[in-house]
Amino acid sequence: MSAYYDLYETPDPNSTGEKQPLHARIVSNGTYSKKEFIERVSRHQPFPHNIIEGVLGAVVDELAEALADGYIVELGELGHFSISLKCTHKVMNKKEIRAESIRFDNVHLRTSKEFKKKVHREIELERVENSGRTTSKTEIPIERRLQMLQEFLKKNGGITRIEYSRLTGVARLKAVDDLNTFIQEGKLRKRGAGRNVFYVWKQEE
């Protein structure tokens, strides 16, 4: 499944009346709740749900405390967290500042180059002709997805995760779930490694 986008006209900030260039904007496929996110993580890592939820909660609590103490927090490839402040009124001279005039403003995440590269490698963009319509589709039953997969493999011999996602219309994470299920059921076998992984019909090996 792709990330959908649409094109929008850029606002005319100076009211010149001139036609503005279009800009692209992602059309959201929805939001993963914490519960759904933990479920996704647990499918790809051998940790129970309660362990993942506990670690996630501990990370959030410690992150909030460290930021509140004035630290910048670096979380590996994800990037750096920091906070910003704001003045409650315009100040032209430092002597006019009082402690009560300074307030917490926001938390910022500066993502790392490595994380941006990961997203860039994974993303596939597809234009939505009318962003006002929903992009969600009725999911094809897994039995039919398996049939579609078998027909594809008869013609092509192997299939990648991205090809399976496009073939069946399911999201890429769901595609991984399907393919892992078919492996566990003895229908598929995984070949290759890393980004070169593909899947073949096990019975025909």
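1. Basis. The structure is a predicted model, in which local features need pLDDT of at least 70 and side-chain atom pairs count only at pLDDT 80 or more, while totals for chains, interfaces and linings use all residues. Residues are numbered from 1 along each chain as its sequence is written, and side-chain values use heavy atoms, with hydrogens and water left out.

2. Positive patch. Arg110, Lys113, Lys116, Lys117 and Arg121 gather in a patch of positive charge on the surface. Patches take residues with over 30% relative accessible area and no salt bridge, joining like charges within 9 Å and nonpolar side chains (Val, Leu, Ile, Met, Phe, Trp, Tyr) within 5 Å. Helix H3 (residues 113-122) supplies the largest share of this patch, 4 residues; helices (H or I, at least four residues) and strands (E, at least two) are DSSP runs, numbered from the N terminus. Lys113, in helix H3, is exposed at 65% relative accessibility. Here buried means under 20% relative accessible area, exposed over 50%, and partly exposed in between (1.4 Å probe, protein chains only).

3. Nonpolar patch. Ile26, Phe115, Val119, Ile123 and Leu125 make a nonpolar surface patch of about 420 Å². Ile26 belongs to strand S2.

4. Strand S2. Leu22 also has its place in strand S2 (residues 22-27) and is exposed, with a relative accessible area of 54%. Leaving aside residues up to four places away in sequence, Leu22 touches Leu7, Tyr8, Glu9 and Thr10, where contact means heavy atoms within 4.5 Å. The C-alpha atoms of Leu22 and Thr10 are separated by 5.6 Å, with the two residues 12 apart along the chain.

5. Salt bridge Lys118 to Glu77. The whole structure holds 7 salt bridges, each defined as a side-chain nitrogen of Lys or Arg within 4 Å of a carboxyl oxygen of Asp or Glu. In one of them, Lys118 pairs with Glu77, the closest N and O atoms being 2.9 Å apart. Lys118 lies in helix H3 and Glu77 in the loop between strand S3 (73-74) and strand S4 (79-87), so the pair ties together parts 41 residues apart in sequence. Lys118 is partly exposed at 39% relative accessibility, as is Glu77 at 37%.

6. Salt bridge Asp178 to Arg145. The closest N and O atoms of this salt bridge are 2.6 Å apart. The pair links distant parts of the chain, with Asp178 in helix H6 (residues 172-184) and Arg145 in helix H4 (residues 142-156), 33 residues apart. Both Asp178 and Arg145 are buried.

Conventions:
Accessible areas come from the Shrake-Rupley method with a 1.4 Å probe; for residues, only the protein chains shown count as cover. Lys and Arg count as positive and Asp and Glu as negative; His and the chain ends are not counted. The place of a charge is taken as NZ of Lys, CZ of Arg, CG of Asp or CD of Glu.
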